[in-house]
Amino acid sequence: MGGSDSAGRLVRPFTLTGGRTRPSRADFTLITTVTAADPQPEAAGRPQPEHLRMVRMCERPVAVAELAARLDLPVSVVVIMLCDLLEAGRITVHPPHPVNRTTPDLDLLQKVREGLGRL
């Protein structure tokens with residue numbers, strides 16, 4: 001076994017999380033949108049290079065799943081790192097909008113039915 005994986009990653013995921021296996025918060029889902037704070041807080045201390053890379057990727061809103069894919073890291077590792085950034089005030093989190101599934105839109109369903117009847 002070599003010192004890095006086939007993608008050339010030099011740092012193992014457990015090193016990025018400081019050995020942590022669980023996030024400190026439950027703010028993140030796959031479709032949670034993350035945005036870098038502007039301006040970045042100065043009092044938050046010096047972040048790790050991997051954290052800085054994540055902040056740069058979050059200059060525009062990005063979903064957690066997309067961020068994990070871009071970083072080629074497991075979502076669980078990305079979420080732990082995002083918790084660090086959130087607690088340091090370096091990112092803002094935008095949860096997905098809830099969908100009301102209890103009452104269907106009857107007008108919309110009727111229009112769909114009528115549209116299908118014309119086919």
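Contact here means heavy atoms within 4.5 Å, and that is the sense in which residues "meet" in the views below of this predicted model.

**View 1. Helix α2 meets helix α3.** Helix α2 spans residues 49–57 and helix α3 spans residues 64–71; their axes come within 11 Å and cross at roughly 125°. Angles from 65 to 115 degrees count as roughly perpendicular and those over 145 as roughly antiparallel, so α2 and α3 are oblique to each other. If you like to keep track of handedness, the crossing of α2 and α3 is right-handed.

**View 2. Helix α3 packs on helix α4.** Here α3 is shown with helix α4, residues 75–87: the two axes lie 9 Å apart, at an angle of about 110°. That angle makes α3 roughly perpendicular to α4. On the α3 side, the contact is made by Val64, Leu67, Ala68 and Leu71, and on the α4 side by Val75, Val78, Val79 and Leu82. What classes of residue make up the contact of α3 with α4? Eight are nonpolar, while none is polar and none is charged.

**View 3. Helix α2 crosses helix α4.** The axes of this pair, α2 and α4, come within 10 Å, crossing at roughly 85°. Helices α2 and α4 are therefore roughly perpendicular to each other. From α2, Glu50, His51, Met54 and Val55 take part; from α4, the partners are Val78, Met81, Leu82, Asp84 and Leu85. By class, the residues in the contact of α2 with α4 divide into six nonpolar, one polar and two charged.

**View 4. The close-ups in their setting.** Stepping back, the protein chain has five helices and three strands. In what order do the elements run from the N terminus on? The order is α-β-α-β-α-α-β-α. The protein chain has 119 residues, and 26% of them count as buried. Among its contacts between residues at least 6 apart in sequence, 75% join residues at least 24 apart. Finally, the accessible surface of the protein chain comes to about 8,600 Å², and carbon and sulfur atoms account for 56% of that area.

Conventions: Residues numbered from 1 in each chain as written. Predicted model: local features only at pLDDT ≥ 70, side-chain atom pairs only at ≥ 80, totals over all residues. Heavy atoms only, no water. Axes fitted to C-alpha atoms, helices over the stretch in contact; angles between N-to-C directions. Helix = DSSP H or I, 4+ residues; strand = E, 2+ residues; numbered from the N terminus. Parallel < 35°, antiparallel > 145°, perpendicular 65-115°, else oblique. Left-handed = near helix turned anticlockwise from the far one by under 90°. Buried < 20%, exposed > 50% of the residue type's maximum accessible area, 1.4 Å probe, protein only. Areas by Shrake-Rupley, 256 points an atom, 1.4 Å probe, with all protein chains shown as cover. Nonpolar A, V, L, I, M, F, W, Y, C, P; charged D, E, K, R; others polar.
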